Amino acid sequence: MITCHLRYIIDTDKLDEFEHYGKLWIPLVRKFGGVHHGYLLPSEGASNVALASFSFESFAAYEQYRQQSFADPECQAAFRYAKETRCFLSYERTFFRPVFE
């Protein structure tokens, strides 16, 4: 299993737009076989950082999701929404291997 962890720098004046963006992606990740662990929005501390994590059975499955997302109309609409609203300024993607009991 591979977990993709995203760290976003968001526009704090567009928190509602970013939350909507996150809600768009949760079912889209599931649509392509992933498990979305949700978005974490600022509460206390840094007000311009948001996080998200989702997992796929393997890095190959993640790569397949990425390729399919570029051709999927719903994913393309979510990409456009982010571009039009500019609800986040940047993001970084890191991959982890989870450890369970």
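The model is predicted. Across the whole structure, a search finds 23 aromatic pairs. The structure holds 0 disulfides.

**Aromatic pairs around F88**

- A pair of aromatic rings is described by the distance of the centres and the angle of the planes.
- Y8 and F88 form one of the aromatic pairs, with ring centres 5.0 Å apart.
- The planes of Y8 and F88 stand at 70°, and the pair is edge-to-face.
- Y8 belongs to strand 1 (residues 2–10), while F88 belongs to strand 4 (residues 88–96).
- The pair therefore ties together parts that are 80 residues apart in sequence.
- Both Y8 and F88 are buried.
- F88 also pairs with Y91, at 5.9 Å between the ring centres.
- The planes of F88 and Y91 are at 80°, so this pair is edge-to-face.
- F88 has a relative accessible area of 17%, which falls under the 20% limit for buried.
- Y91 is partly exposed, with a relative accessible area of 41%.

**The aromatic cluster**

- Y8, F88 and Y91 are among the members of one aromatic cluster.
- That cluster also includes F18, Y21, W25, Y39, F70 and F79.

**F79 in helix 3**

- F79, a member of the aromatic cluster, sits in helix 3 (residues 73–85).
- F79 has 28% relative accessibility, so F79 counts as partly exposed.
- Neighbours within four places in sequence aside, F79 is in contact with W25, S69 and F70.
- Of these contacts, W25 and F70 belong to the aromatic cluster as well.
- F79 and F59 are 20 residues apart in sequence.
- In space, F79 and F59 are 22 Å apart, C-alpha to C-alpha.

- A disulfide is a covalent bond between the sulfur atoms of two cysteines.
- With 0 disulfides in the structure, C4 is in none.
- For C4, the nearest cysteine sulfur is that of C75, 14 Å away.
- A disulfide needs the two sulfur atoms within 2.5 Å.
- C4 is buried, with a relative accessible area of 2%.
- For C87, the closest cysteine sulfur is also in C75, at 15 Å.
- That distance is too far for a bond.
- C87 has 0% relative accessibility, so C87 counts as buried.

Terms used. Residues are numbered from 1 along each chain as its sequence is written. This is a predicted model: local features need pLDDT of at least 70, side-chain atom pairs count only at pLDDT 80 or more; totals for chains, interfaces and linings use all residues. Side-chain values use heavy atoms; hydrogens and water are left out. Rings of Phe, Tyr and Trp (its six-membered ring) pair if their centres lie within 6.5 Å; planes under 30 degrees apart count as stacked, over 60 as edge-to-face and the rest as tilted. Helices (H or I, at least four residues) and strands (E, at least two) are DSSP runs, numbered from the N terminus. Buried means under 20% relative accessible area, exposed over 50%, partly exposed in between (1.4 Å probe, protein chains only). Contact means heavy atoms within 4.5 Å.
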